[in-house]
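Reader: I am new to this structure and would like to know what stands behind the words used for it. Could you take me through them one at a time?

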Amino acid sequence: MFDLQLIQSFLQEREVPIAFQIWETTFENPSGRPIGKSSQRTIHVPPRPDSLYPSIQQLSLHGQTFVYFIYSADYHLTITFQSETHFRLQDLQVLYHLLYPLYSDYVVDNGQAKLNTIIESISDTTSSLDLDKVFSNILVNTLEVITNADYGTLWLHDSKSDRLVCKASEGYLLDGIWQMQFEIGEGPIGHSFQWGIPILIQDPTDMSKKGIRRISVENARLWDSTSDYVTTIKSVLAYPIFVDGKVECVMYLGQLRTENLLDEQDLWLLKVFTTQVGIAIRNARQFADIKELNHHLIKRDDIHSTLTNLSIRNMGAKKIVQELSRMIGQKLLFVDLMEHEWFPASQKIPHNIPFKELLKIAAERRGTNSYEIMKDGEVTHHLYPIRSGTVILGCLIINAQKPLSRLGQMAIEQGLSVLALELVQKQNISEFYYKNQRELFNSLIQTTDPTVRLQTASELGIQEDNQFATVVFQYTDYTDSQLLAAYVHRLIAQIKKNGAPYIQTIFGYQNKVIVLAALPTSSDCIQFEKQLNDILMESSSTKKFKLSGGMGSIYEGIHLIEKSYQEAQIALSNPASRQIRGRLVKYSDIGINRLFTNQNTEEISRFLVEIFEPLRMVDKTNQTLEKTLLTYFECNRSAVEAAQLLHVHINTLYQRLKKIEECLDLSFKNPEDVLRLQLACYLKESMGIG
């Protein structure tokens with residue numbers, strides 16, 4: 001506790017004139033105030049010391065003596081004597097300690113005030129959950145706590161540019177601060193962010209000595225084009241703010257106009273303050289995330305409600321796509337991979353990619369819900385598949401130039417589900433239509449009543465006077481019935497598109513597609529067959545299903561449609577057609593094979609075993625006898641030609657033929673035996689049996 005009488009007694013013992021006055025000078029009151037005197041006489045304000053060092057100074061001026069006791073940069077005491085007096089250093093040191101309680105009281109009071117300011121600032125900073133407001137509050141309250149700083153900025157890392165940018169500012173600043181961007185490691189701000197350590201610089205010219213990289217010329221120019229960044233700043237303090245153990249931003253304080261330098265005490269105060277600031281930022285960010293999530297959930301419900309409402313009202317896929325485009329603010333291309341259509345029709349499919357290629361892209365299994373469409377090594381579009389189970393129904397395509405927002409992605413996800421439902425519903429309607437067409441077609445080919453036949457043909461849309469041919473397609477080697485239904489649906493759409501002028505009716509049933517075509521001229525027949533063969537050739541590359549096609553003969557009149565249909569069935573089911581892939585099998589082309597269409601395959605196999613098994617038993621090494629027999633009949637029993645094809649002497653060929661006769665107990669001179677052998681060779685070669 002300060003004791004004025006004790007000082008007076010000490011001065012009397014030293015025979016010092018008692019007339020004196022004590023002045024207190026603080027950061028808050030730099031002009032000073034009198035706090036104690038030995039008489040009622042008023043003494044004028046003493047001059048300020050020229051320097052803060054040394055801590056004890058004495059000055060005689062105009063018949064007065066001034067003794068300065070400097071306890072800190074923010075606090076010093078001055079004793080003014082009315083006469084010139086010279087003190088010994090020992091006496092001044094005693095006075096220094098006798099006056100120290102005044103400094104102690106100041107430190108306690110000032111510390112308590114700053115602590116209250118910190119508490120109030122922390123309360124104010126953490127009271128807001130708005131992230132931008134939190135950033136602003138941080139700086140306002142920091143400058144309340146760190147009184148030596150007269151401006152402050154807050155720098156946040158921008159992941160896109162990988163630079164630190166200004167998010168908030170308070171105090172004396174120029175407009176250029178908002179354009180400044182610091183690289184990680186650049187200047188005190190970048191250095192503090194990179195290493196996660198606070199930086200106190202009381203002499204900016206010493207930055208390089210601390211290992212801090214100088215700021216760029218551009219940033220220095222933006223600070224103030226008329227002055228040097230280094231010389232205009234007296235002291236700076238950069239402090240990293242941690243959120244969940246990671247540096248999120250850097251607080252930067254500077255002294256331009258205030259008198260006292262930023263010091264270690266300011267550093268300590270910031271340490272106390274920024275710990276709570278990190279919590280405030282985390283809370284505000286979590287609140288912002290929750291708020292954004294809630295906003296997105298509300299928007300998602302709105303999106304779902306809007307799209308579902310369109311679907312319930314049977315507005316169709318086109319209207320849904322239009323609404324989706326409006327929601328995301330970008331043009332969308334909708335491709336129906338079941339019907340081979342797209343919308344808007346005026347918009348082209350990117351790079352003219354064929355439907356088959358789009359289907360291939362969309363069918364790939366990846367971890368993301370979108371696929372990239374590339375050209376010349378660059379991503380030009382994003383493709384979003386529309387799925388139902390294992391089936392690809394269609395896709396949405398969007399330009400990759402403008403990234404989708406989170407809400408846009410949410411709208412696309414919702415839209416894909418609604419569009420899938422729309423396309424499945426459309427497929428179900430088509431299947432119902434096909435069922436009705438199949439029943440009418442069966443009635444047409446089964447009825448013997450001409451009146452009923454004409455009426456049924458009219459319901460199917462079949463012209464009465466025309467030349468008709470029936471084609472039957474069949475998928476085999478399938479395991480996924482849902483995928484099979486999709487393939488049948490796509491095949492119908494493709495046939496409709498390619499052969500539209502000729503088709504009278506078309507429908508699917510289980511693994512088959514039945515087509516009735518009107519082909520009035522031979523050129524129409526050639527063109528139609530070519531189109532169907534193109535489809536079969538294209539499908540031959542798929543490994544999931546095998547597609548075969550059989551075509552009946554062309555007949556005039558609706559009463560012969562049934563005959564053409566039966567012929568198409570025979571052409572399709574004939575064993576020889578199973579060996580043909582990528583080509584339509586016509587009834588008129590199967591020739592003698594039609595005799596075996598309805599025969600038991602096991603019986604044919606047993607017949608072939610009777611011919612070829614004895615030859616194999618005799619010649620177990622390389623089946624020379626079997627090969628000789630097949631080649632002999634292939635050359636129409638020309639021994640010379642057969643020997644040439646087998647690369648053997650003609651006598652060797654005769655020896656083999658003799659051995660075949662002996663092995664099978666028959667003769668090449670017997671017409672019945674020759675017919676038997678020729679038929680066996682034909683069945684083996686043409687039907688792939690045996």
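Author: Let us begin with a definition: two strands pair if DSSP finds at least two bridges between them, and strands (E, at least two residues) and helices (H or I, at least four) are DSSP runs, numbered from the N terminus. The model is a predicted one, in which local features need pLDDT of at least 70 and side-chain atom pairs count only at pLDDT 80 or more, while totals for chains, interfaces and linings use all residues. Residues are numbered from 1 along each chain as its sequence is written, and side-chain values use heavy atoms, with hydrogens and water left out.

Reader: What makes strand 14 and strand 15 a pair?

Author: Five bridges join strand 14 to strand 15 (residues 378-388) in the antiparallel sense, where at least two are required, so the two strands count as paired. Within this pairing, K375 has E378 in strand 15 as its bridge partner.

Reader: To which sheet does strand 14 belong, and why is it called an edge strand?

Author: Five strands, in the order 13-12-16-15-14, form an open sheet with antiparallel pairing. Strand 13 (341-343) and strand 14 (371-375) are its edge strands, each pairing on one side only, and the twist from one strand to the next averages 25°, an angle between lines fitted to C-alpha atoms (for helices over the stretch in contact) that runs from 0 to 180 degrees between N-to-C directions.

Reader: Which helices lie across strand 15?

Author: Helix 10 (residues 406-446) lies across strand 15, running at about 50° to that strand, and helix 12 (residues 481-499) lies across strand 15 and strand 16, running at about 65° to strand 16.

Reader: Why is the pair of Y75 and Y103 called tilted?

Author: Rings of Phe, Tyr and Trp (its six-membered ring) pair if their centres lie within 6.5 Å, and planes under 30 degrees apart count as stacked, over 60 as edge-to-face and the rest as tilted. The ring centres of Y75 and Y103 are 5.3 Å apart and the planes stand at 45°, so the pair is tilted. The pair links distant parts of the chain, with Y75 in strand 5 and Y103 in helix 2, 28 residues apart.

Reader: How do you know whether Y75 and Y103 are buried or exposed?

Author: Buried means under 20% relative accessible area, exposed over 50%, and partly exposed in between (1.4 Å probe, protein chains only). Y75 has 0% relative accessibility and therefore counts as buried, and Y103, at 14%, therefore also counts as buried.

Note on methods. Contact means heavy atoms within 4.5 Å.
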